[in-house]
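Keep the viewer open and follow the residues as they come up.

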Amino acid sequence: MTTSTDFMQLGLFLLALLALSWPLGGYMAAVLEGRNHPLARILGWLERGLYRVCGVDPTREMDWKEYALAMFLFNVAGFAVLYLLLRVQGLLPLNPDGQTGMAPDLAFNTAMSFITNTNWQAYSGENAASHLTQMLGLTVHNFVSAATGIAVLTALIRGLIRRETRELGNFWTDLVRSTLYILLPLAFVLSLALCWQGVPQTFRGTVNATLAEPVVYEIAPGADALKTDPALKPTPAIATQQAIMRGPMASQEAIKELGTNGGGFFNANSAHPFENPTPLSNFLEMLAILLIPAALCHTFGRMVGDARQGWMLLGAMTALFLGFLALCWWAESQGSPQIAAIIGTPAGNMEGKELRFGVMNSALFATITTATSCGAVNTMHDSLTPLGGLVPMVLMQLGEVVFGGVGSGLYGMVVFAVITVFVAGLMVGRTPEYLGKKIEAFETKMCSLVIMVPLFGVLLGTGWAVLTGMGRGAVANPGAHGFSEILYAFSSMANNNGSAFAGLSANNALYNLLGGIVMCTSRFWTAIPVLALAGSLAGKKAVPTGAGTLPTHTPLFCGLLVAVVLVVGALTFIPALALGPIVEHLQMLGR
Amino acid sequence: MTTKAQQAAGRPLFDPSIVRAAVLDSFRKLDPRVQVRNPVMFTVYIGSMLTTLLFFQALFGRGEAPAGFILAISLWLWFTVLFANFAEAMAEGRGKAQAATLRQARAETPARRLAGESREAASETVPSTALRKGDVVLVQTDETIPCDGEIIDGVASVDESAITGESAPVIREAGGDRSAVTGGTRVLSDSIVVRISADPGETFLDRMIGMVEGAKRRKTPNEIALNILLAALTIIFLLVCATLLPFSVYSVNAAGKGTAITITVLAALFVCLAPTTIGGLLSAIGIAGMDRLIQANVIAMSGRAVEAAGDVDVLLLDKTGTITLGNRQASAFLPAPGVSEQELADAAQLSSLVDETPEGRSIVVLAKEKFGIRQRDVAALGATFIPFTAQTRMSGVHLPGGRALLKGAPDAIERLAADAGAAFPEAVSGFVRDIAAEGGTPLLVAERDADSVRVLGAVWLKDIVKGGIREKFAELRRMGIKTVMVTGDNPLTAAAIAAEAGVDDFLAEAKPETKLALIRKIQAEGRLVAMTGDGTNDAPALAQADVGVAMNTGTQAAKEAGNMVDLDSSPTKLMEIVQIGKQLLMTRGSLTTFSISNDIAKYFAIIPAAFVGTYPALGALNVMHLATPQSAILSAVIFNALIIVGLIPLALRGVAYRAAGAATVLRDNLILYGGGGLIAPFVGIKLIDMVLAACGLA
């Protein structure tokens with residue numbers, strides 16, 4: 001199944017990532033530090049104009065509370081606008097296919113999902129969103145939710161490098177600069193590349209095509225009808241026409257990947273040939289998902305004045321990523337023994353995969369999209385083998401710190417580094433310190449919060465769903481796999497990923513409302529404690545490093561960080577995973 | 001270090017009387033008001049009560065599991081709580097035993113209170129508890145000093161063994177740096193007038209008892225931070241276990257067989273997962289750290305200070321007594337042109353005959369060694385002694401015939417020559433520079449006649465650097481600790497000694513203000529400073545330093561400014577204190593790592609046991625091949641309880657400590673406690689399961 005070409009592709013992919021992330025990291029450091037760079041000369045007028053229009057004084061520094069308040073209010077406003085837009089999209093222009101407004105619970109869920117960089121979609125893009133919604137609502141949030149992540153990260157870095165101050169920078173300038181100088185240019189280039197590969201970019205709506213060969217199919221009776229008469233048979237039907245959906249796709253596709261958003265134009269997301277037409281577009285999309293989270297590690301290293309610190313974080317993320325990729329790829333290429341028995345030869349698992357991508361590119365995409373908090377998919381995760389499906393689930397449950405969301409992944413990883421420093425620092429006999437800042441009670445408290453909140457979302461959300469009829473009713477598959485579907489849904493929402501195991505009909509009031517709340521808490525109840533952490537760190541003196549200081553750039557520390565991330569995740573989720581994918585796997589092996 | 005501490009304490013780790021008291025205390029500590037102070041163990045406590053209720057339910061009605069099984073789990077959960085109590089009680093017990101000895105010294109004594117500050121003032125006898133700050137008392141031979149104070153008149157030899165354990169009496173006298181006396185010590189000879197400096201209950205002895213007993217023990221900053229982390233883990237595991245019930249119910253429905261997980265098993269799982277090992281031992285580790293310090297004869301005024309000691313980056317060490325032997329010794333005579341070496345030696349010896357300072361005596365010894373110049377009778381020579389004064393900064397002898405031999409610091413002799421209009425030989429200036437550059441102290445000898453002064457030459461006084469101190473500093477450097485030598489010497493001398501002793505830096509011509517300024521400067525760089533001091537003029541620096549160790553022989557002001565008191569008054573004690581501080585933090589970190597890595601194995605024991613009824617396939621996770629689901633769960637709980645007891649010696653003694661860089665220490669401790677923590681429970685749980693199976697309990 002897997003050929004040497006697959007491995008060459010993987011190698012090429014990693015090389016390209018490595019080669020691009022270093023210069024981008026340096027460039028982003030220049031942008032975030034407000035230094036002079038070529039784009040500032042070209043677009044500086046726009047930046048200054050925006051500040052004037054919005055009445056922002058870019059030189060005014062904020063303390064952590066002001067910063068957090070600005071960040072939160074900005075998102076509240078974004079939520080309100082998006083919610084309204086979703087509700088009344090039927091009355092607004094740029095709606096060639098006549099989409100109607102979303103139901104309140106779905107609009108709540110969707111708005112929450114896009115402002116939190118989750119992009120959980122309880123709707124199908126092609127049936128539920130107008131072009132205006134896709135562009136003005138969803139795509140805008142694809143930009144600003146990612147920029148929010150970068151801003152919070154930048155404040156945290158400032159907390160680490162500044163001394164005895166309350167000032168963490170200005171949220172508005174961080175937001176504007178990240179959008180204008182980082183996300184927009186990258187998205188522009190990628191959109192053009194995707195257009196070139198064949199992704200549509202148009203304001204026009206659906207076209208109808210007459211099929212050369214009519215297709216015979218069956219219409220299954222609805223669930224309600226089946227309840228009254230279980231004996232109902234499917235009705236045969238013939239299709240002669242096909243509706244082909246079009247829209248401003250390339251522009252949304254680019255930022256969907258770059259901003260680790262993942263909300264597709266189509267329900268099928270990047271498995272759809274319009275979103276992801278060629279092997280090259282697939283390669284570019286995967287690269288785009290990892291690019292900024294990886295490059296931000298270097299930005300971190302540059303800004304704290306020690307590139308090795310950035311390499312260490314990148315190393316920890318890469319190690320975790322490759323480990324999980326190996327497991328996913330191995331499980332998928334093994335396939336299931338049952339199918340092997342039927343066809344008489346071992347075969348990789350191709351269910352739910354695009355033939356054009358094959359096992360390696362599907363496993364790679366699935367690992368990338370869940371290692372980061374992207375959630376775009378080019379393969380159906382529900383159809384992965386039990387262990388192959390465990391990989392995306394666990395990657396999300398680890399708190400989206402293996403690359404993670406743009407900005408949010410790295411600040412999550414830094415929080416884990418702080419916890420690691422705490423335990424390791426004690427072991428060398430000193431009050432722990434990270435990058436010269438002492439880790440004391442307040443820092444421990446904030447870091448614990450950041451780690452706990454998403455875990456709570458997953459466990460409580462899943463616990464609620466399996467307790468209620470509505471929660472259980474959404475499940476399509478019997479047995480342990482049904483449990484996996486619910487667990488996956490809340491792992492995805494509570495870690496702001498947004499990918500889904502198909503098979504769960506999540507568009508009902510309770511999933512929508514609870515999911516929306518979980519997404520909101522996980523995003524802001526991690527971002528705000530991170531800002532509090534930054535504020536507390538900024539107020540401290542820096543301890544100079546010496547031989548007695550625990551070095552945080554060594555392979556040993558990197559390994560320890562990986563272990564802490566794994567152990568926290570494993571200890572929390574082993575029981576749940578045992579009742580889901582693990583038992584599925586053991587059952588598949590016929591134990 | 002350990003051996004010395006043990007000698008000092010003279011008490012084995014598991015002293016039977018302490019163990020007996022600790023066993024009783026572990027039951028006494030079941031009081032919920034005590035339990036609630038430790039969040040981790042409090043949850044175990046609740047779990048124990050819950051399972052006890054479930055046991056009674058099973059006994060009298062429809063239980064969720066066989067009553068015997070619930071009882072076994074419940075009992076072992078109670079044991080977990082008791083073992084943690086026992087660990088704390090053991091640590092406290094050692095302190096209490098020491099406090100009891102101290103209390104005897106504090107017993108009420110009669111005091112002779114004076115109406116005024118003079119000995120002749122009217123006096124009345126009052127109990128020591130009636131004394132207040134500012135009262136003046138007279139203490140005579142064989143009387144106990146009633147309270148802390150300062151001698152304002154008289155000199156006495158005092159037995160301070162009640163506090164220091166040192167039986168040799170010490171001299172205390174009015175004025176200067178030896179004027180402080182401690183309540184509870186005894187005057188052996190003479191009588192003194194003491195002004196009381198502490199109200200009852202606030203004396204040094206009271207504070208010491210408080211610290212030793214741990215009565216006033218407050219959680220230290222690092223302990224609080226660790227507690228937060230442990231509480232967070234506990235909450236996570238609580239939630240993991242709570243949500244496992246609905247998960248299990250769903251699975252039972254989905255699989256169509258088995259029964260949902262019982263509350264008993266969930267309670268057992270929770271207690272196994274919660275960081276009970278470190279949670280149960282945490283306070284014992286803190287108390288034991290303080291205890292180790294006490295055994296090193298150091299009294300810390302707060303736990304915070306002990307923790308800070310582990311963080312110290314810079315040690316300020318006094319040159320004299322710490323780096324060099326207390327006294328300089330004459331090592332060469334360097335005669336001025338036209339003076340023979342023997343002539344110089346003879347003059348130097350004469351000028352030093354009556355000089356009882358160690359330097360003076362060493363000149364006499366050197367003169368005898370080199371030229372056989374014998375001890376002469378001063379009176380027979382008709383000589384009279386010229387004592388050293390701060391104004392002249394010279395000493396020597398008057399000889400008959402108006403001749404005098406003087407020795408003193410170079411600048412003093414230079415002034416003497418200049419005043420007399422005599423020439424100061426260029427060669428001697430050269431000697432002075434050379435000696436200073438070599439780290440020695442030059443002492444010049446001059447002869448004064450009725451109208452002229454002749455500079456005879458220089459005596460080279462050498463500082464003797466203590467043996468082994470260089471290695472000690474190298475060790476500190478490996479630990480990342482910088483040493484700064486503090487001395488009143490001039491920069492040249494200081495640099496030479498600093499180089500010889502291998503310190504990283506030095507502060508020459510140190511005055512109390514420069515010392516304080518140096519500490520502030522180092523602290524401004526974000527470093528933590530430790531220093532020792534004894535004089536009143538050290539007090540500001542002691543107060544400013546993060547770890548200020550006052551000598552017990554020092555003044556009251558110094559003792560109050562510092563946050564530790566060294567009862568041995570040993571200048572090298574600072575290094576030992578740093579080690580104890582580091583060991584305390586290392587013990588906490590290592591046991592935390594151990595405790596958390598334990599959980600992996602417990603999952604392998606409990607998860608298959610809990611769910612094998614629902615999903616038989618999960619039996620594959622029973623990698624330890626434990627006999628039955630019940631024995632698997634019970635074994636995990638028993639292991640979890642026993643490991644607390646097993647680690648008590650480690651918690652009390654502290655993890656092995658060696659001086660090495662942070663990276664090395666981390667690697668070693670990770671392998672030992674992280675790796676060990678991963679493997680130990682697999683072995684332990686399997687063994688316990690085998691025992692259970694063999695006893696037919698499985």
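## Starting point: Leu577(A)

Leaving aside neighbours within four places in sequence, Leu577(A) is in contact with Leu390(A), Met393(A), Val394(A), Gln397(A), Leu487(A), Ile582(A) and Val583(A), where contact means heavy atoms within 4.5 Å. Leu577(A) sits in helix 20 of chain A; helices here are DSSP runs of H or I with at least four residues, strands are E runs of at least two, and both are numbered from the N terminus. With a relative accessible area of 8%, Leu577(A) is buried. On this scale, buried means under 20% relative accessible area, exposed over 50%, and partly exposed in between, using a 1.4 Å probe and protein chains only. The C-alpha atoms of Leu577(A) and Met427(A) are 32 Å apart, and the two residues are separated by 150 residues along the chain.

Another residue of helix 20 of chain A is Leu566(A). Leu566(A) is partly exposed, at 33% relative accessibility. Beyond its neighbours within four places in sequence, Leu566(A) is in contact with Leu320(A), Phe324(A) and Leu398(A).

## How to read the model

This is a predicted model, in which local features need pLDDT of at least 70 and side-chain atom pairs count only at pLDDT 80 or more, while totals for chains, interfaces and linings use all residues. Residues are numbered from 1 along each chain as its sequence is written, chains are lettered from A and ligands numbered from 1 in the order in which they are written, and side-chain values use heavy atoms, leaving out hydrogens and water.

## Domains of chain A

Chain A is divided into domain 1 (11-205 + 247-305), domain 2 (207-244) and domain 3 (407-588), with bounds that come from an automatic or database domain assignment. The C-alpha centres of domain 1 and domain 2 of chain A lie 39 Å apart.

## Where chains A and B meet

At the interface, 58 residues of chain A are in contact with 58 residues of chain B. The two chains bury about 5000 Å² between them, 78% of it on carbon and sulfur atoms; buried area is the accessible area (1.4 Å probe) that two parts lose on being put together, summed over both. Met427(A), Leu571(A) and Leu579(A) supply 16% of the area that chain A buries against chain B, more than any other three residues.

How many salt bridges are counted between chain A and chain B? The count is one, and it joins the side chains of Arg430(A) and Asp313(B) at 3.0 Å, N to O. A salt bridge here is a side-chain nitrogen of Lys or Arg within 4 Å of a carboxyl oxygen of Asp or Glu. On the side of chain A that touches chain B, the elements giving two or more residues are helix 15 (408-427), helix 16 (441-467), helix 18 (479-494) and helix 20 (555-588) of chain A. Helix 20 of chain A gives the most, with 15 residues.

## Salt bridges within the chains

Over all chains, a search of the whole structure finds 40 salt bridges. In one of them, Glu440(A) pairs with Lys540(A), the closest N and O atoms being 2.5 Å apart. Glu440(A) lies in the loop between strand 4 (437-438) and helix 16 of chain A, and Lys540(A) in the loop between helix 19 (509-538) and helix 20 of chain A, so the pair ties together parts that are 100 residues apart in sequence. Glu440(A) is partly exposed at 34% relative accessibility, whereas Lys540(A) is buried at 13%.

In chain B, the side chains of Glu92(B) and Lys29(B) meet in a salt bridge (3.1 Å, N to O). Glu92(B) belongs to helix 5 (residues 67-106) of chain B and Lys29(B) to the loop between helix 2 (16-28) and helix 3 (32-35) of chain B, 63 residues apart. Both Glu92(B) and Lys29(B) are buried. Back in chain A, a network of salt bridges links Glu253(A), Lys256(A), Glu257(A) and Glu275(A).

## An enclosed helix in chain B

Why is helix 9 (residues 263-273) of chain B described as largely enclosed by the rest of the structure? Ten of its eleven residues are buried, so helix 9 of chain B is largely enclosed. Among the buried residues are Leu266(B), Phe270(B) and Cys272(B).
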